[in-house]
Amino acid sequence: MQSAEPKNQKSCLVATLSRYTSAVRNMEHTIMLPSLLRDVPPKEPEDTFAAEGNNKDLYEYYLMLKSVRNVVESGLMPPDERKALSAPMETLEDSDPETLFHFHLTGLFSVLNNLTTSSHVLTRRYKEVIGLSN
């Protein structure tokens, strides 16, 4: 089935996050007994997990995908839970996908918050310039 999204929106962050959350919701609705995934190794060549070279079973990946989806839908985890994210980038290269996701998402939120603040400052400054200051 082909996507109804225009081609320029396929790389849009919001559209990508929406596709991810939809895929995880579909996964949850399809997998009625996740415990059956315990001790099942990812072994097919097309499994993205098999390329990572670790010993996780499919149940662990199921939980990780749900956890990341929860962060996407509800926001970043509290600062005390982000201790692993303060590690140097060299150590993050060998990290699991969930840790990398949280690291990059934290950075993205930080940049977007700074840009939002800059936008508010610029708007306020413009109003001062044209004489509409509060």
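**The nonpolar patch and its setting**

Modeller: Buried residues account for 16% of the 134 residues in the protein chain. The model is predicted. Its protein chain holds 4 helices and 0 strands, in the order α-α-α-α from the N terminus on. The accessible surface of the chain is about 10100 Å², and carbon and sulfur atoms own 57% of that surface.

The nonpolar patch on this surface consists of Leu 13, Leu 108, Val 111, Leu 112 and Leu 115, with about 410 Å² of accessible area together. Helix α4, residues 97-129, provides the largest share of the patch, 4 residues. Leu 13 lies in helix α1, which covers residues 13-30. Leu 13 counts as partly exposed because its relative accessibility is 43%, and partly exposed means between the 20% limit for buried and the 50% limit for exposed.

Away from the surface, the largest nonpolar core has 9 residues: Val 24, Met 27, Leu 37, Tyr 59, Tyr 61, Tyr 62, Met 64, Leu 65 and Val 68. Two elements, α1 and α2 (58-74), each give two or more residues to this core. The largest share, 6 residues, comes from α2. Leu 37, one of the core residues, is in contact with Ile 31, Asp 57, Leu 58, Tyr 59 and Tyr 62, leaving aside its neighbours within four places in sequence.

As for the chain overall, among contacts between residues at least 6 apart in sequence, 49% join residues at least 24 apart.

Notes. Residues numbered from 1 in each chain as written. Predicted model: local features only at pLDDT ≥ 70, side-chain atom pairs only at ≥ 80, totals over all residues. Heavy atoms only, no water. Patch = residues over 30% accessible without salt bridge, like charges linked within 9 Å, V, L, I, M, F, W, Y side chains within 5 Å. Areas by Shrake-Rupley, 256 points an atom, 1.4 Å probe, with all protein chains shown as cover. Salt bridge = Lys/Arg side-chain N within 4 Å of Asp/Glu carboxyl O. Buried < 20%, exposed > 50% of the residue type's maximum accessible area, 1.4 Å probe, protein only. Contact = heavy atoms within 4.5 Å. Core = buried A, V, L, I, M, F, W, Y, C linked by side-chain atoms within 4.5 Å.
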